[in-house]
Amino acid sequence: MTRLTTAQALVRFLARQYTERDGARQRLIGATWGIFGHGNVAGVGQALVEYADEMPFHQGRNEQAMVHAAVGYARQCGRLSTHAVTTSIGPGATNLVTGAALATVNRLPVLLLPGDIFAARPADPVLQQLEVPYAGDVSVNDCLRPVSKYFDRVTRPEALIPAALAAMRVLTDPVETGAVTLALPQDVQAEAYDWPEEFFAERTWTVRRPAPDPRELAAAADAVRAARRPLIVAGGGVHHSAAEDALRVFADATRIPVASTQAGKGSLRHDHPADVGGIGHTGTATADELARTADLVIGVGTRYSDFTTASGTLFEAPDVRFLNLNIAPFDGHKMAGATLIADARAGLEALTGALREHRVGSAYAAEYTDGKERWERRVDAAFRAEESGGRPTQAQVLGVLDEVVTDDDVIINAAGSLPGDLHKLWRARSPRQYHVEYGYSCMGYEIPAAIGVALAAPERPVWALVGDGTYLMNPTEIVTAVQENLPIKVVILQNHGYASIGGLSESVGGERFGTAYRFRAADGSYTGDPLPVDLAANAASLGMRVLRAGTVRDLRDALREARGADRPTCVYVETETTDTVSGPPPAQAWWDVPVAETATRESAVKAREEYDRHVTARRRHL
């Protein structure tokens, strides 16, 4: 027996947890992030000091951002390792909710350790306690229940043993993983208990690779052989299972074209003959045209979000059927598809073997090859820019960045108009290069996620691409990057407004209301002049080195200098605001955002007419 406080026991336990997959073993909890208050400073805080040599610690500035950093780390590590996050009670705990939702939506593991009210109620209510008259056992941490894959409140020291083991089980389960919350009452954290030594033994959690059922595999192979125009939709599950090589071998063997979701982009290199780019509302014309005529859609590790399916309007062929290779039965049964429930790599390897010499027709291969070449010319046109003169467009900024980076770089984005441009235009060179969080599309994710990626892969240049709206949401972790001297590169694209939502507002009759940074006159109207906001100066005030770029030549020089920098560096560029909503080319498929059914303003009336035209194309796949 070892006598420790509950918090000390937890930290010591976490430091001895490992994952193993394919013979590779790594720590499950690589470090702990924390912001301290009265709810955790004397418990988890003291324990982290006690075991500082066993558990690395990172100091955060915003609780939500700490979760984002942990998620970025977990994604870069292929879900085999993650970070823990500890907060005080009250606002510190509720600030975790958005980050937890992002982790769970994206099926990425993160361990949350919020402080909680006193279990023994010696002080009731304690500072920051939410009083619930009908339930004495409810605290603000219960807000985390619906966004957590596992939740427990440790009200006695001995209850930590089953709770901690259950938490590890969920974190390492490729089907069930997401945010895991252990709420820790502050008095229990500091309470001592005699712990069995077995609790602190090294424990290895095997991350499974389930193989497909033979009958499902045979049926899947038959479906592929019968298809004349099959199309693969590669989702995030390809990356999570490290199935990129297996997908490449499958595509080489069958010549079936591969389109990718936001989470799956980079599953094949952009120059692979079978890669036809992003699919759906933000996809390429090549992929979307193939989707409209596909008779078999092979979903690999995708959850078929509304952007992927163009809100149920993309897969138009009357006889289209779906074959879903997914480790999660919940996702495998979507679109009324035939299922191949298995790990993505194991499933692709088995399907490649089952198909043997099967290949799609040469005419179909020639069709998508020509389409791919046409699209690449459109990308070249969007990227092309004069060396000097006016401001670059957003697409041209991406074009210059495309010139500067190599296979090693990681590009991070999450929200605004950039995800659409990136999905359509970015030429992914390696499996981990394209890091766009589009499951929750959370503004403010990019900078803290870049920190997490830099911690997971310190040898790789890491770029956080942010618009001005996103930057204003969450710039605080710049201070953490400066404190830990993490040489992340932040590119701020200043277009003086919410370009994405501004364009959407205009298209649905909202007339860009409430989406610009402009002076407001006494009559309520907005002037054409942008607010005198200097985000570059703000980033510099937080400790970053800032490079301002006024032209394309300036931008190229700044990006090259930032890439080679050994300290956190920001590149600030004002983009041409007349073409920043989605960038050329425009959206290739529809997305359902309901429009007012009755209105007096002409813009809304016309938008409704356009909406009614599109919505009639929606179908239920049965």
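Guide: Angles under 35 degrees count as roughly parallel, over 145 as roughly antiparallel, 65 to 115 as roughly perpendicular, and the rest as oblique. The model is predicted, so local features need pLDDT of at least 70 and side-chain atom pairs pLDDT 80 or more, while totals for chains, interfaces and linings use all residues. Residues are numbered from 1 along each chain as its sequence is written, and side-chain values use heavy atoms, without hydrogens and water.

The part to start with is a pair of helices. Helix H16 (residues 394-404) packs with helix H17 (residues 418-425) at an angle of about 50 degrees, and their axes are 10 Å apart. (Helices, H or I of at least four residues, and strands, E of at least two, are DSSP runs numbered from the N terminus; axes are lines fitted to C-alpha atoms, for helices over the stretch in contact, and angles run from 0 to 180 degrees between N-to-C directions.) H16 and H17 are therefore oblique to each other. In H16, Gln394, Ala395 and Leu398 are in contact (heavy atoms within 4.5 Å) with Leu418, Asp421, Leu422 and Leu425 of H17. Of the residues in this contact, five are nonpolar, one is polar and one is charged.

Next comes a sheet. Six strands form an open sheet with parallel pairing, in the order S14-S13-S12-S15-S16-S17; two strands pair if DSSP finds at least two bridges between them. Strand S14 (275-278) and strand S17 (338-341) are the edges, and each has a single partner strand, so one side of each lacks a neighbour in the sheet. From one strand to the next, the twist averages 20 degrees. Helix H11 (residues 285-293) packs on the sheet, where H11 touches strand S12 (230-234), strand S13 (258-260) and S14, and the direction of H11 makes about 100 degrees with that of S14.

Within the sheet, strand S15 (residues 296-300) pairs with S12 in the parallel sense over five bridges, and Leu231 stands opposite Val297 of S15. S15 is also joined to S16 by five bridges, again in parallel; there Leu296 has Arg321 of S16 as its bridge partner. Strand S16 (residues 321-326) is in turn joined to S17 by four bridges, with Leu325 partnered by Leu340 in S17.

S15 is mostly covered, with five of its five residues buried (under 20% relative accessible area; exposed is over 50%, partly exposed in between, with a 1.4 Å probe and protein chains only). Leu296, Ile298 and Val300 lie on one side of S15, and Val297 and Gly299 on the other.

Key
Nonpolar A, V, L, I, M, F, W, Y, C, P; charged D, E, K, R; others polar.
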